[in-house]
Amino acid sequence: LNNCSVGIATQDDLLQRRFRGMADYLVNFFTFLARDLRETMASLGFKTVEEMVGRSDMLEINAGILPWKAKKLDYSAMLYRPVAVAGSTVFCSKKQDHGIDSVMDRELIRLAKSAIEKKEPVNLELRIRNTDRTTGAMLSGEICKRHGEDGLLADTIRCNFTGVAGQSFGAWLVSGITFKLNGMANDYVGKGIFGGRIIICPPADAAYKPEQSVIIGNTTFYGAVNGEAYIRGMAGERFCIRNSGLYGVVEGVGDHGCEYMTGGRVVILGKTGRNFAAGMSGGIAYVYDEDGRFRSRCNTDMVDLDPVDEEDAELIKRLLGKHIKYTGSAKASTVLDNMGAEIFKFVKVYPKEYKAIFENQKLLAKKLNLSEVYDG
């Protein structure tokens, strides 16, 4: 609910100040845990964890605690201990080849060398396939190593991809990187994005209507921290779950959209699936309720469905303007051109607890004549 009274399970700065824990406590705990493990191992006659792997002969069945249905089960297959071949081991004793020496990110890092080292802008044109997975993660890692969490200035590295991206396209993308994809992408697009920008739109010769077609897979922008996303088309299920700071636009989503969301702002420019906003404790979603049936598809246990106010309308206009700029969305253009009438079709999905905090901060700011208020 984002209201943990001792400030542990919360992202609210005010509540986090109440947490009195120290890193030393955690170090102490794991020290005791390791000591307890060593004592248990010593009692069994083992010096290392590797020696214990596969030693099923050291296990015993405690028949006294088995439920009656399980008392007659034969566990011999589960406890079978294979005979090790001479010279082999039963634990991992050699490195596996995960194929990361030839992934696309190696090429991105090479081509963006001047941007990484000298902060010089670069523009890249690349083909991408569905076997290219987690594209952008290693590139982001290189930038973080050199420039920390702040990354680079916006659009320092611009990558224009054509094709079908594999899983986790743009995962953990940091500030300074813009990924634009003409094509479509698999699941987990923008997972954990951390300041980057992701733009996805169909090919120019696409024979389908983008606003009626799924263009990115399931669980996209899972755990997004911050950044931007503009998707000309629909997303699959669980769009933006656990989003804590992303601002973006998508033209429709499947079931469980914005599940467990805690921050950020998203515009859903089309229909949603069922169970929208389940467990949503923060952030705001603006849903274009064209058929007037959104309420029946929304989980209202933790959210209110409010009309948009003037401030909301300005944000929606700004995000739709960017969406048109980056993707050329026909639907966004139609809505924006007729915003005077269309704005009333937007529903503001506003988490109740988040709303209470926000409104209280507004009242406090008004009383103290402050310009800054809580912004999640």
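Helix α5 (residues 104–111) packs with helix α7 (residues 137–147) at an angle of about 40°, and their axes are 8 Å apart. That makes α5 oblique to α7; angles under 35 degrees count as roughly parallel, over 145 as roughly antiparallel, 65 to 115 as roughly perpendicular and the rest as oblique. The helices are DSSP runs (H or I, at least four residues), as are strands (E, at least two). Contact here means heavy atoms within 4.5 Å.

| Helix | Residues making the contact |
|---|---|
| α5 | Asp105, Arg106, Leu108, Ile109 |
| α7 | Ala137, Met138, Leu139, Glu142 |

This is a predicted model: local features need pLDDT of at least 70, side-chain atom pairs count only at pLDDT 80 or more, and totals for chains, interfaces and linings use all residues. Residues are numbered from 1 along each chain as its sequence is written, and side-chain values use heavy atoms, with hydrogens and water left out.

Now for helix α9 (residues 310–327). Its 18 residues should span 26 Å at 1.5 Å a residue, and the end C-alpha atoms are 26 Å apart, which agrees. Buried residues (under 20% relative accessible area, with exposed being over 50% and partly exposed in between, using a 1.4 Å probe and protein chains only) in α9 include Leu315, Ile316, Leu319 and Leu320. Looking down the axis of α9, the buried residues fall within an arc of 160°, so they line one face of the helix. Over on the other side of α9, you'll find Glu310, Glu311 and Lys325 exposed.

Finally, have a look at Thr219, in the loop between β5 (214–216) and β6 (226–231). Thr219 has 13% relative accessibility, so it counts as buried.

Methods:
Axes fitted to C-alpha atoms, helices over the stretch in contact; angles between N-to-C directions. Expected span 1.5 Å × (residues − 1). Arc of directions from axis to C-beta.
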